[in-house]
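I opened the notebook to write down, step by step, what I looked up here. The entries follow the order in which I went through the model.

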Amino acid sequence: MEKKEMLQYAGRELPVLACVECCIVGGGTSGAAAAASAARNGLETLVIERGIALGGMQTLGLVEPFMPTFAPDSDTPFVREVKARMRAEEIEMSDGVTDFGWTNPETLAFVYDEILAEAGVHVLYHSVLVDIVRQQDTIQAVIVQTIEGLAAVRAHTFIDATGDALLSRLAGIPAEAGYEKTGNNQPMSFRFEMGGIDLAKLCDYMQSLHDDWCKTKPPYFEIALARHRDIKYKLEPFFVRGIESGELTEEDAEYFQAFTIPGKPGCMSMNCPELPVRFRASEAVSYSEGVRYGRAMIRRVSRYLIRHLPGFAHAYVSREAAMLGARESWRIVGKYRMTEEDYYARRHFADAVVRTAWYIDAHGEKVGEYLAAGEYYEVPYRSLVTREVSNLLVVGRCISVSFILEASMRIQPTCMSIGEAAGIAAAWAAKRGIAVNTLEWNDIPPGERSYVSR
Ligand SMILES: Cc1cc2nc3c(=O)[nH]c(=O)nc-3n(C[C@H](O)[C@H](O)[C@H](O)COP(=O)(O)OP(=O)(O)OC[C@H]3O[C@@H](n4cnc5c(N)ncnc54)[C@H](O)[C@@H]3O)c2cc1C
C-alpha cells in the first residue's frame with residue numbers, strides 16, 4: 001500500500017490511502033469470502049470494514065449457526081475451508097444430527113483474520129465508506145472515514161459487501177428496500193449472549209414440556225418460539241405468563257430463540273429480541289431508535305429468563321451484538337433480479353454461482369413451502385452485477401433479489417459462496433481486461449470456478 005498520492009474531492013485534497021486491484025467494502029459474511037478469493041486468485045486486495053472484526057453479521061451481529069442450504073453438495077470450497085479451520089481451532093460446527101453449522105463468533109473472527117492474512121489481504125478496520133468518485137461507468141475511488149480523517153482508496157474493481165448496498169447506491173445503482181406490498185423491511189433483531197446457564201437443567205425442563213423442537217442435546221441445544229407462526233411452541237405458555245404478569249410486553253414475546261455456542265459452555269446466543277417492524281433497517285433514524293428500544297427489550301427478556309426459566313437462575317447477559325441484526329434493508333436492481341418464481345421453479349442457470357433450497361423465511365410476512373429433498377434453485381452471476389457500473393460486483397444479502405426471495409438466499413453459507421464467486425470473477429476479469437459486468441461466469445474454466453451448474 002502506498003500513501004503518496006492525493007485526490008481532489010469536494011474542493012479539497014484527500015490522501016489516497018491505497019491503490020489496489022480489488023477493494024471490498026464490508027468485511028462481513030460475503031466480503032471476507034470475496035477478499036480471500038480475490039487475493040488467492042492474484043489480485044492485490046483491500047477490505048474496508050467499519051468494525052474491528054471480519055464476519056459482519058456472523059461476528060459483530062452474533063448470528064449463529066450457519067443455517068443449512070438443504071441443497072445437496074452446496075458447500076463451495078471457502079465454506080468447507082472455514083468449517084475445517086474452525087474444527088482445527090477446536091470448534092466442531094457439526095452436531096452429527098442436524099445440518100446446522102454451530103459457530104463461535106470470537107473464533108470465527110480469528111479464523112477470518114488468519115485466512116485473509118495468509119492470502120495477503122490488507123484490511124482497513126474501523127473505517128467507514130462515506131462516498132465514491134465515479135467517472136462515466138467506472139468507480140474511480142471510494143471515500144472513507146478513518147481515524148486519520150477522510151481518505152480515498154482507489155481500485156480497479158470494487159465489491160459492495162456492505163449488506164446495505166451502500167456502495168452501489170452511492171454509485172447511482174437503482175435499489176429497493178422493503179416488501180413491495182407493505183413497505184416494511186424484514187424485522188431486525190438485537191442479538192445478545194447469556195452466560196452462566198445450567199444447560200442440563202434447561203434441557204430437562206424442555207423435556208418435561210415434551211418439547212421436541214430441538215433434535216440434539218447439549219452441548220448443541222436450541223429453544224424457540226415464534227408466535228406469528230402456526231406451530232404451537234411448547235414455550236408459548238411460559239412467555240404468555242410473562243405478558244400477564246407485566247414482566248414482558250407482547251413485542252418481547254413475539255419471537256424467541258436461543259442456541260448454544262460451541263467453545264462457550266453454559267452460554268447461549270439469543271436470536272432475539274425481534275424489534276417491531278416500525279423500526280426500519282433502511283432508515284438511519286429509525287434504525288437508531290431501534291437500538292435503544294431493543295436494548296430495553298433485552299433487559300426485560302433476560303431478567304424474565306433469569307427469574308423464571310429453569311437453568312437461568314445464575315445467568316447473565318455476557319455480550320451484546322455490535323450491530324443490529326438487519327435481515328433485509330437495501331437490494332440492488334442488477335442485470336437479473338431474482339424473485340420467488342425462481343424458488344418455486346427450482347430455476348437453474350448456466351451462470352450459477354451457488355445453489356440453495358433454504359426456505360422463504362420473511363419473518364411476519366411469509367413463510368414459504370419447503371422444496372423437496374434434492375431440489376434447489378441457483379443464484380446467477382448476473383444478479384451480482386449492474387448495467388450502470390462496469391467495475392462493480394455486489395455480494396451478500398444486497399444482490400439483485402426481490403424481498404421475498406432474499407428471505408431464502410440470505411443465509412450465511414449462500415452469502416459466503418456468492419462472495420467467493422465474486423472474488424474469482426474479479427480476478428478473471430482483471431487479468432483479461434474484461435469488465436466484470438460483461439464477464440460470462442461460465443467462460444471461466446470449470447476447474448477455476450467455485451461452483452459449476454449441473
Ligand atoms: C437476526 C438475524 C438472524 C439470522 N439468523 C441466521 C442464521 O441462524 N443462520 C444463517 O445462516 N443466517 C442467518 N441470518 C442471515 C445472515 O446472517 C445474513 O444474511 C448474512 O450474514 C449477511 O451477510 P452479508 O455479507 O450480506 O452482510 P454482513 O455479514 O452484515 O456484512 C456487512 C459488512 O459490511 C460492513 N459495513 C457496512 N456498511 C459499511 C460501511 N459504510 N463502511 C464499511 N463497512 C461497512 C459491516 O460492518 C459488516 O461487516 C440472520 C440474519 C439476522 C439479521
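**Entry 1: the helix α1**

I began with burial, and I noted that twelve of the twelve residues of α1 are buried, so α1 is largely enclosed by the rest of the structure. I kept in mind throughout that this is a predicted model.

Next I looked up the length: α1 covers residues 29-40, and the distance from its first C-alpha to its last is 17 Å, which is close to the 16 Å expected at 1.5 Å a residue.

**Entry 2: around the ligand**

I turned to the ligand and found 38 residues around it, of which Gly26, Gly28, Gly56, Gly325 and Gly396 come nearest. Which element gives the most to this shell? I found that α1 does, with three residues, while α1, β5 (128-135) and α10 each supply at least two. Sorting the shell by class, I wrote down 15 nonpolar, 16 polar and seven charged residues.

**Entry 3: α2 against α3**

Two packed helices are described by the angle between their axes and the distance between the axes. For α2 and α3 I noted an angle of about 115°, with the axes 10 Å apart, and a crossing that is right-handed. On the α2 side the contact is made by Val82, Arg85 and Met86, and on the α3 side by Thr107, Leu108, Val111 and Ile115. By class, the residues of this contact divide into five nonpolar, one polar and one charged.

**Entry 4: Pro310**

Last, I looked up Pro310, which sits in the loop between α7 (284-308) and β13 (316-320). Is Pro310 buried, exposed or partly exposed? I recorded 15 C-beta neighbours inside 10 Å, so Pro310 counts as partly exposed; 20 or more would have made a residue buried, and 12 or fewer exposed. Leaving aside residues up to four places away in sequence, Pro310 touches Lys201, Leu202 and Tyr205. I also noted that Pro310 and Met206 are 104 residues apart in sequence, yet 9.1 Å apart in space, C-alpha to C-alpha.

Definitions and conventions: Residues numbered from 1 in each chain as written. Predicted model: local features only at pLDDT ≥ 70, side-chain atom pairs only at ≥ 80, totals over all residues. Helix = DSSP H or I, 4+ residues; strand = E, 2+ residues; numbered from the N terminus. Expected span 1.5 Å × (residues − 1). Near = placed C-beta within 6 Å. Nonpolar A, V, L, I, M, F, W, Y, C, P; charged D, E, K, R; others polar. Axes fitted to C-alpha atoms, helices over the stretch in contact; angles between N-to-C directions. Left-handed = near helix turned anticlockwise from the far one by under 90°. Contact = placed C-beta atoms within 7 Å.
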